Amino acid sequence: MLTSRGSETAQVGAAGARFEGDVLHVALTDGREIAVPLARVPWLGWLLRATPEQRERWSLEPRGFAIYWDELDDGVEVAHLLALQPLA
């Protein structure tokens with residue numbers, strides 16, 4: 001995903017993921033961390049319904065482009081998660 005800060009453009013991807021209850025936390029390659037409450041994002045209902053064990057078995061796509069849950073046969077692109085975040 002490309003994000004812009006003024007005239008700078010930086011490549012941002014996922015560096016890791018973890019859960020606190022029904023909140024997905026994604027560590028980004030630029031040092032930020034975003035938190036996504038699954039219940040507030042209708043298109044992540046599949047992840048909300050997953051068991052804690054299933055949620056823990058994720059992998060990163062090349063360059064952190066997306067987080068993928070093989071067992072659930074679904075994933076989420078970092079760009080889509082960042083679009084949910086308020087502008088800082």
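## A loop residue to start with

Let us begin with V12, which sits in the loop that leads from strand 2 (8–11) to strand 3. Keep in mind as you look around that this is a predicted model. Is V12 buried or exposed? With a relative accessible area of 1%, V12 is buried, because that value falls under the 20% cut-off. Its C-alpha atom is 8.7 Å from that of A79, although 67 residues separate V12 and A79 along the chain.

## Strands 3, 4 and 5

From that loop we can move on to the strands. Strand 3 covers residues 14–20 and strand 4 covers residues 23–28. The two run antiparallel and are joined by 6 bridges. One of the pairings to look for is R18 with H25, its bridge partner in strand 4. Strand 3 and strand 4 form a hairpin with 2 residues between the strands, and in this hairpin G21 adopts a positive phi near 60°.

Strand 4 also pairs with strand 5 (residues 33–37). Here 5 bridges join the strands, again in an antiparallel arrangement. For an example, find L24 and follow it across to V36, its bridge partner in strand 5.

## The turn around G31

How many residues lie between strand 4 and strand 5 in their hairpin? There are 4, and G31 in this turn has a positive phi of about 95°. G31 belongs to the loop between strand 4 and strand 5, and its relative accessibility of 68% makes it exposed, since the threshold for that class is over 50%.

Now for the charged residues. Across the whole structure, a search finds 5 salt bridges. Which residues are linked in a network of them? They are R18, E20 and E33. In the contact between E20 and R18, the closest N and O atoms are 2.8 Å apart. In the contact between R18 and E33, the corresponding distance is 2.9 Å. This second pair links distant parts of the chain, with R18 in strand 3 and E33 in strand 5, 15 residues apart.

## A salt bridge between D30 and R32

One further salt bridge is worth a visit: the side chains of D30 and R32 meet with an N to O distance of 2.8 Å. What is the relative accessibility of D30? At 28%, D30 counts as partly exposed. R32 is partly exposed too, with 36% relative accessibility.

Terms used. Residues numbered from 1 in each chain as written. Predicted model: local features only at pLDDT ≥ 70, side-chain atom pairs only at ≥ 80, totals over all residues. Heavy atoms only, no water. Salt bridge = Lys/Arg side-chain N within 4 Å of Asp/Glu carboxyl O. Buried < 20%, exposed > 50% of the residue type's maximum accessible area, 1.4 Å probe, protein only. Pairing = 2+ DSSP bridges.
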